[in-house]
Amino acid sequence: MGDTILEVRNLKKYFKSPRGMVHAVDGVQFSIERGQTLGVVGESGCGKSTLGRCILRLIEPTEGEVIFEGRDICKLNKRELKELRKDMQIIFQDPFSSLNPRKTVLEIISEPIIFNKLMKGASKAEIENRVLELMDTVGIAERLINSYPHELDGGRRQRIGIARALAMNPKFIVCDEPVSALDVSIQAQILNLLKKLQKEMGLTYMFITHDLAVVHYFSNDIIVMYLGQIVEKAPSEILFNNPLHPYTKALLSAILVPKVGGNKDSIQLRGEVTSPIDPPDECRFAKRCDYRCEACEAGNPPLLEVEPNHFVACHCIKPGENLLKEREGYVSAG
Amino acid sequence: MTAVTQKQGQSATLASRRYKKKSGFVESWNRLKTNPGAMFGLIVLIIMVLLMIYSFLFITKDDVMAINSGNRFKPPSAQHPFGTDSMGRDLFKRTIYGTRYSLTVGFFSVAFGFIVGVFFGTIAGYFGGWVEEIIMRVSDVMASIPGMLLGMVIVAVLGPSFLNLLIAIGISNISGFVRMARASVLSVKGSEFVEAARAIGMSEIRIAFSQVLPNSISPLIVTATARIATSVLAAAGLSFIGFGVPVPLPEWGALISDGRNYLSLAPHLTLFPGIFIMLVTFACSLLGDGLRDALDPKLKQ
Ligand SMILES: Nc1ncnc2c1ncn2[C@@H]1O[C@H](COP(=O)(O)OP(=O)(O)OP(=O)(O)O)[C@@H](O)[C@H]1O
Ligand code: SF4
Ligand SMILES: [Mg+2]
């Protein structure tokens, strides 16, 4: 073990806005092992995409380190960064805006090859054969090679986005909600394709989604984000069997099938969402948390390892003690 | 290497040759064809261009400049379809000869404004920040000066000549394109394919011009067509008040200016050049409207 491909340390991204600083990503820390998948879940606007884009340095992080194969990518100059981009790619959420409407399938997939001179000295025919190979890998029929994106459906477009990423021969791919814009029937196909590619090429994924069922199927480790911060981090099995943070519990209860004879209803998230603009110095989930107490206003809870490999950021959960359990009674009573 | 040759052997021709490519141009053209107004405009413009070519081939400068005092103010006839002017010159030939001024001004002043304006507008829209601030302020200042006034000032400084007229109108065309290009680029630059290009290592300037601009170009082409109409009018206007093409040359505005003195005696002197100006501007406007619909990507299924 210990073959860490990516390590993120204290990553922050603040956006200026007229009303103050948007804390889109606020001190995120994790690492991914080679060949594994890290699932990132959280509701819309919690900073998942911003995190993914900072890691690829598509936008400049405000603070922190992103260490890919031992090198801090935030410190690379333009040339080094261009070199590194071959190893790190991204698959986008919206298959309708992620492909240039003016380019054909051939142009879209060959662009990274030609632009980065990945096949130095290759003839047009050789590059085209490579494109056909990639199209075959992602399951796009050869006859679509001259099609424009608007002639294709969402699933095919997403496959082309995947082929474009694969054209660079990457080691690590950020999948930013790659199926959430697709029909349910097509979602499974794309997920299976991604899984197959991972196995065949030894890819490492950071898999962003707001759908816990998808992430369960896919991930080794999962981080749960809330307003720019990690509130819980654990291997997939642990997180699903023993969710600790109140937010994770609420998310999970929304997808779990009610147990036979069980009395556990899904937990409704109530209350207003704390604004990501200059958030107050308290637990960011406090406004919606059923378990909140005075302690929760005493600053932002740190992410602690409460049991092996299981990290939680909550004032009421510490290694060896879980105050929430005691409160369970009066929560359901009240 | 062997795998490649093998594959080539299987498919004797390149796959990209075997499957037809639907061209966006053809699709737009097919839509444009169904628009009668746009087709009328296009035909009028084609006729104008043909007339211009004809004038280059068959009408000499002497033909339109030579004074014939025995032949003044003739009304339209078989021999002189548009009649003759105060110097006895054939107005038909002069008007046809004048197409070259209006069409060149229309085309080149817009092309100039387009290239300069779209370049700066794209930079402003894509890069934002202080670059945008500076470009937009300069463009605002240029836009706040009325085109005619700007033209008069430039011609006054550089002297009246056809080239200076062209430069003057070209400059007054810049700011419109800066603003259009910026707005259009802003609407495209947030697309994920821009980030995809960044992710494969493309430089920002390359992304701006090779990925974003081609997707912002449709509204600019529409603007350009409409601008040709206003530029033709501006050229005629400046010539009319003596700031354009020097007088004896048969620019349409200058022809009207000359004819104005004999409005009741020989109304045809203003009528025919007036009709030509109207036809060209009207045709451009119709074509512009048609292009707006034909190039609209939302109509693509
Ligand atoms: N360029 C930007 N300028 C200002 N604020 C931004 C910018 N990009 C994102 N934000 C803000 O940062 C926060 C996080 O956005 P982000 O897109 O990362 O969320 P997300 O988790 O990916 O959401 P979704 O599930 O909707 O994709 C949001 O509050 C958003 O408004
Ligand atoms: S710190 Fe308090 S408010 Fe925040 S999640 Fe824990 S119990 Fe809820
Ligand atoms: Mg997102």
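Which side chains of A:Arg53 and B:Glu195 meet, and in what kind of contact, at what N to O distance?

Guide: This is a predicted model, and the distances below are computed from it. The side chains of A:Arg53 and B:Glu195 form a salt bridge, with 2.6 Å from N to O. Between chain B and chain A the count of salt bridges is 2. On the side of chain B that touches chain A, the elements giving two or more residues are helix 1 (2-10), helix 2 (15-18), helix 10 (192-199) and helix 11 (204-240) of chain B. Sorted by class, that side of chain B holds 11 nonpolar, 10 polar and 11 charged residues.

As for the extent of the interface, chain B puts 32 residues into the contact and chain A puts in 39 residues. About 3,100 Å² is buried between chain B and chain A, and carbon and sulfur atoms give 52% of that area.

Next come the ligands. Ligand 1 has 14 residues around it, of which A:Ser44, A:Gly45, A:Lys48, A:Ser49 and A:Thr50 come nearest. For A:Ser49, a polar side-chain atom is 2.6 Å from an oxygen atom of ligand 1. For A:Glu177, a polar side-chain atom is 3.0 Å from an oxygen atom of ligand 1. A:Cys46 takes part through its backbone, with an N or O atom 3.3 Å from an oxygen atom of ligand 1. On its own, ligand 1 has 640 Å² of accessible area, and the protein covers 62% of this. Strand 2 (20-33) and helix 1 (48-55) of chain A are the elements that give two or more residues to the shell around ligand 1. Helix 1 of chain A supplies the largest share of that shell, 3 residues. By class, the shell around ligand 1 consists of 5 nonpolar, 6 polar and 3 charged residues.

Ligand 2 is surrounded by 13 residues, and the closest are A:Cys283, A:Cys289, A:Cys296, A:Cys314 and A:His315. The classes in the shell around ligand 2 are 10 nonpolar, 2 polar and 1 charged.

Technical notes:
Residues are numbered from 1 along each chain as its sequence is written. Chains are lettered from A and ligands numbered from 1 in the order in which they are written. This is a predicted model: local features need pLDDT of at least 70, side-chain atom pairs count only at pLDDT 80 or more; totals for chains, interfaces and linings use all residues. Side-chain values use heavy atoms; hydrogens and water are left out. Contact means heavy atoms within 4.5 Å. Buried area is the accessible area (1.4 Å probe) that two parts lose on being put together, summed over both. A salt bridge is a side-chain nitrogen of Lys or Arg within 4 Å of a carboxyl oxygen of Asp or Glu. Helices (H or I, at least four residues) and strands (E, at least two) are DSSP runs, numbered from the N terminus. Ala, Val, Leu, Ile, Met, Phe, Trp, Tyr, Cys and Pro count as nonpolar, Asp, Glu, Lys and Arg as charged, and the others, Gly among them, as polar. A residue is near a molecule or strand if one of its heavy atoms lies within 4 Å of it. A polar contact is a pair of N or O atoms within 3.5 Å; within protein, one must be able to donate a hydrogen and the other to accept it, and residues adjacent in sequence count only if both atoms are side-chain atoms. Accessible areas come from the Shrake-Rupley method with a 1.4 Å probe; for residues, only the protein chains shown count as cover.
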